[in-house]
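The entries follow the order in which I consulted them.

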Amino acid sequence: MAPKRKEIVIPDIGLPHDTILKQMDEYAASDADWNGGKVFGLVYHASDEHHEFLKEAHAKAMELNALNPMAFPSVRKYEAEIVSMMADLLGGDRKVYGNVTTGGTESILMAVKAYREWAKQKLPNARNPEMIIPESAHAAFRKAAHYFNVTIVHAPVGPDNRVDLDAVKAAITDNTILLVGSAVDFPRGVVDPIPELAAIASERGIGLHVDGCLGAFMLAILKRAGHDVPPFDFTVPGVTSMSCDIHKYGMVSKGASVVLYRTEKLWKSQFYTFEQWSGGIYASPTMTGSRGGGPIAQAWAGLKAMGIDGYTRLHLQLMDIARRMQEGINATPGLMVIGKPTIAVFAFTNDDPAIEMYTLGDLMEQRGWFLDRLQAPPALHVMVVNPASGDLLDAFFKDLRECVAIVRRMSPEETEGKAAIYGMAATVKDEKVLKDAVAGFLADQYKA
Ligand SMILES: *Cc1c(COP(=O)(O)O)cnc(C)c1O
């Protein structure tokens, strides 16, 4: 019998505000230290001052609902202006349209849904729509395929971690509606060959979505600063849509991304409308119904406050920190950076089997350093998201060297547990067993 769950219920009598706020501080005590510079991912923090400003902007619009643009023209303006600012940043002309979404995943879901609808008219032979994505593309594309009944076809990546173009060409069928390229990919921070993918897509009359959720913002700023970045944006003919998160290298709080389309027709394929509802004519551009005004307002305010000059200064600083980290990691015997990253995102792995990477990640985490775990090969992930990390590099490398020495002294029996958990997909071959284990883990996280 399942153990009786501890009852957590709405209090019969409301508690005083200060009691509740104190409890929140207690809960937060075990959170990752998101503004100190020791977390390499998840929270993008320009400065404490910028953060306070975003809070203020958020508060001004937090009660507003973007569901009804007629009731709150301010939120509609924020959204339209964000789309315009982002389209310009990403090389789009006046015909590029789009929406603000809650995040990269929603932007990607929307794009896949838009192409599915668009293809019903434009590609009548594509009866069972398929999209070809690089193996390194974000999991959100698989989520979209799962939700919207589009078949995923994987294209492998080459030795440079960029998608293999011959494999993409070979995978195209009459059912193909969409190609995908990342700028940059999450695991290794590289840009897929966008002009080549765009040429293939144009020739077939199908779409090319560039997933710039993680990288496009920083690539655009580096490009404006005169850095040599590979082509990735709307200036490449054949790129038909892009996703770009403002809540990543746009340095605003969570809940803000854009999905942009080269044509109005494609954009409108994203919408959902229901005209006969007794609740009135229903029309919504994105996944969600009610949408908080707060995240949209703070994203708008954040873009204006940083400006191109602010982003340039900050991104160059983050790039410099990333470069110093890559040099230090490559100079650590047994460790190496994977490939040639383009922005301040990279992964490192071992070139000495005595260093079990997941154990190393856990030891670093015990010392407060938060690095995501990657697989195939086992690796740790670094996204430089806070200029404060720059002052901590000596401490980082001291801890890294000490942790490496500890892992080296551990026996394979001691380290294999970590490898078994994080690298489960490499060892558990039965897909159902694997899926059940991961779903069980996820559910456990939320059981009170
Ligand atoms: C983060 C990320 C996404 C998804 O964005 P969320 O905001 O986490 O939903 C998509 N693509 C890439 C490359 C990403 O790094």
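Entry one, the largest pocket. I noted that H15 gives the most to the lining of the largest pocket, with 10 residues. Helices and strands here are DSSP runs numbered from the N terminus (H or I, at least four residues, for helices; E, at least two, for strands). I recorded that the model is predicted: local features need pLDDT of at least 70, side-chain atom pairs count only at pLDDT 80 or more, and totals for chains, interfaces and linings use all residues. Residues are numbered from 1 along each chain as its sequence is written, and side-chain values use heavy atoms, with hydrogens and water left out.

I wrote down the terms next. On a 1 Å grid over the protein atoms alone, a pocket is an open set of points with protein on both sides within 12 Å along at least five of seven lines, a cavity is a set where a 1.4 Å probe fits but cannot get out, and lining residues have an atom within 4 Å of a point. A volume is the space filled by probe spheres set on the points, which are joined across faces, edges and corners.

The largest pocket has a volume of about 2,700 Å³. I found 48 residues in its lining, with Ala139, Phe186, Arg373, Gln375 and Val438 nearest its centre. Elements supplying at least two lining residues each include helix H4 (104-122), strand S12 (372-374) and helix H15 (431-446). By class, this lining holds 25 nonpolar, 11 polar and 12 charged residues. Ala, Val, Leu, Ile, Met, Phe, Trp, Tyr, Cys and Pro count as nonpolar, Asp, Glu, Lys and Arg as charged, and the others, Gly among them, as polar.

I found 1 cavity of 30 Å³ or more. About 70 Å³ of space lies in the largest cavity. Its lining includes Ser136, His138, Asp185, Phe186 and Lys248. Phe186 is also among the residues nearest the centre of the largest pocket.
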